[in-house]
Structure formats: structure tokens, C-alpha cells
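This report describes the fold and selected residues of a single protein chain. The sequence and model are shown first, followed by the description.

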Amino acid sequence: ASSINPDFNFNFMLTRLKRTPSQRSMASLLSTTTSSSSPLDRLRHELRARGLLGYIVPSEDAHQSEYVRECDKRRAFLSGFDGSAGTAAATINNAGVWTDGRYYLQAEKQLSAQWSLMKTGEKSTPSVAAWLAKEVSAAAGVAVDGSLGSIGFDPRLASITTVEGWKSTLDASGVSLVEDADGCNLVDIVWGDEKPPPQHVP
């Protein structure tokens with residue numbers, strides 16, 4: 001005769017059945033949260049880690065080319081909009097893509113709900129810097145140095161004229177424009193190993 005208590009086995013299995021779905025659900029949730037984080041979510045993590053309140057991502061490469069290699073399509077990777085012209089800007093709370101009339105329909109189809117389409121050329125559309133200044137002013141407190149906070153960018157990807165325009169508008173609102181530390185583009189950091197390798201152009 002068996003010495004195993006049937007009631008004990010039943011209760012053990014019942015407890016196990018009750019616990020296992022919960023454990024699996026939690027593991028599934030953690031896995032899904034990690035794998036489903038968007039590039040924008042991951043960029044915001046980098047912003048918080050560096051004490052930045054926003055970031056500007058132009059379409060151009062280091063040579064100021066509009067048509068760039070796959071490895072230089074940072075704005076497309078970050079936002080999902082892959083038209084050849086446009087600028088993305090993101091804060092901790094909001095994000096927008098600025099592009100012209102050639103790409104309105106394409107951008108509307110490709111941008112997720114995390115992004116707002118900013119129609120360049122329309123009177124109601126603020127400039128990138130003006131939008132950032134307003135966003136930061138609405139969300140930030142005054143820092144120790146008297147500024148409202150800092151917006152990051154990669155100086156290799158914007159012309160001097162463009163940078164001066166951004167800086168003038170942001171300075172007027174008490175917001176600082178700061179270059180990437182050590183030449184580390186934050187979108188490249190977010191892109192990580194998935195970023196295509198540079199292609200040789202003969």
C-alpha cells in the first residue's frame with residue numbers, strides 16, 4: 001500500500017496550479033515590457049540618465065547630406081518616419097517630427113501615437129526650438145544655475161547657422177543647448193548593435 005497522502009498531493013498540486021500562472025504572467029509582463037520599449041522610450045531613459053530635458057535629431061549626416069546611408073538614418077530609426085527630410089525633437093513628455101508638405105501623408109501613416117506631426121510651413125506650426133522652449137518651460141523648474149534645463153544635440157549633424165538659430169531661441173527662454181558628451185550620439189546609443197554598419201561609398 002502506498003504511504004503517500006492523497007490529500008497532501010492534491011493540495012500541493014492545487015497550490016502549484018494557482019501560483020504558476022501568476023509567476024508566468026509576471027515573467028511575461030517583464031519580458032514584454034523590455035522587448036516592446038520603443039526607441040523613443042529608450043531615448044528618454046538616456047535623457048534622464050544625463051539630466052537632459054530634450055533632444056534634437058536632424059535627418060542629415062555629418063556631411064550635411066539629405067540622402068544618407070542606412071547607418072545615418074537616426075531620425076527614421078527613432079520616429080519611424082523615413083522620408084528624406086525632417087527633424088525630430090523629443091522631451092521627457094512629448095515628441096514631434098517636423099517635415100514639409102511633400103511628406104505629410106507619409107508621416108501621418110508612419111508616426112505612432114507617441115509622435116506629433118509638425119507641418120513645416122504652416123503658420124500654426126512652431127519651430128523646433130520654439131516648441132522645445134515651450135515644452136521645457138511648462139515641465140521644468142528652475143535649476144541651480146538659473147536655467148530651466150538643457151536640450152542635447154549632436155553638433156556633427158547640424159550646420160552652424162541651424163545651431164545658432166536653435167541656441168538663440170532657447171537662450172531667450174532660459175533653456176540651454178548642449179552638445180553630446182564625448183561625441184556620443186544618444187540615438188546611436190539607443191540603436192546599439194541593431195544599427196547597420198557603415199557602407200563603403202566608392
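What percentage of the 202 residues of the chain count as buried? The share is 36%, where buried means under 20% relative accessible area, exposed over 50%, and partly exposed in between (1.4 Å probe, protein chains only).

## Basis of the description

This is a predicted model, in which local features need pLDDT of at least 70 and side-chain atom pairs count only at pLDDT 80 or more, while totals for chains, interfaces and linings use all residues. Residues are numbered from 1 along each chain as its sequence is written, and side-chain values use heavy atoms, with hydrogens and water left out.

## Overall composition

The chain has 7 helices and 6 strands; helices (H or I, at least four residues) and strands (E, at least two) are DSSP runs, numbered from the N terminus. Read from the N terminus, the order of elements is α-α-β-α-β-β-α-β-α-β-α-β-α.

Contact is taken as heavy atoms within 4.5 Å. Among contacts between residues at least 6 apart in sequence, 66% join residues at least 24 apart.

An open sheet of 6 strands is arranged in the order 4-3-2-1-5-6, with mixed pairing. Its edge strands, each pairing on one side only, are strand 4 (116–119) and strand 6 (175–179). Neighbouring strands are turned by 25° against each other on average, direction ignored. For such angles, axes are lines fitted to C-alpha atoms, for helices over the stretch in contact, and values run from 0 to 180 degrees between N-to-C directions.

Two strands pair if DSSP finds at least two bridges between them. Strand 1 and strand 2 run antiparallel and are joined by 5 bridges, whereas strand 1 and strand 5 run parallel with 2 bridges. Glycine 54 has threonine 91 as its bridge partner in strand 2 and isoleucine 151 as its bridge partner in strand 5. Strand 5 (residues 149–153) pairs with strand 6 in the parallel sense over 5 bridges, and serine 150 has serine 176 of strand 6 as its bridge partner.

## Helices against the sheet

Helix 5 (residues 128–139) packs on the sheet and touches strand 1 (54–58), strand 2 (87–91), strand 3 (95–99), strand 4, strand 5 and strand 6; its direction makes about 5° with that of strand 2. Helix 6 (residues 160–172) lies across strand 1, strand 5 and strand 6, and runs at about 150° to strand 6.

The axes of helix 5 and helix 6 are 9 Å apart, and the two helices pack at an angle of about 30°. Helix 5 and helix 6 are therefore roughly parallel to each other, a term for angles under 35 degrees, with those over 145 counted as roughly antiparallel, 65 to 115 as roughly perpendicular and the rest as oblique. Val128, Ala129, Ala130, Leu132 and Ala133 of helix 5 meet Trp166, Thr169 and Leu170 of helix 6. These residues divide into 7 nonpolar, 1 polar and no charged; Ala, Val, Leu, Ile, Met, Phe, Trp, Tyr, Cys and Pro count as nonpolar, Asp, Glu, Lys and Arg as charged, and the others, Gly among them, as polar.

Residues up to four places away in sequence aside, proline 58 touches Arg75, Gly86, Thr87, Leu157 and Trp166.

Serine 116 lies in strand 4 and is partly exposed, with a relative accessible area of 40%. Leaving aside neighbours within four places in sequence, serine 116 is in contact with Ala95, Gly96, Val97 and Leu111.

## Loop residues with positive phi

Most residues other than glycine have a negative phi. Glutamine 64, however, has a phi near 65°; this residue is in the loop between strand 1 and helix 3 (74–79) and counts as partly exposed at 35% relative accessibility. Aspartate 182 has a phi near 60°. Aspartate 182 is in the loop between strand 6 and helix 7 (186–191), and counts as exposed at 78% relative accessibility.
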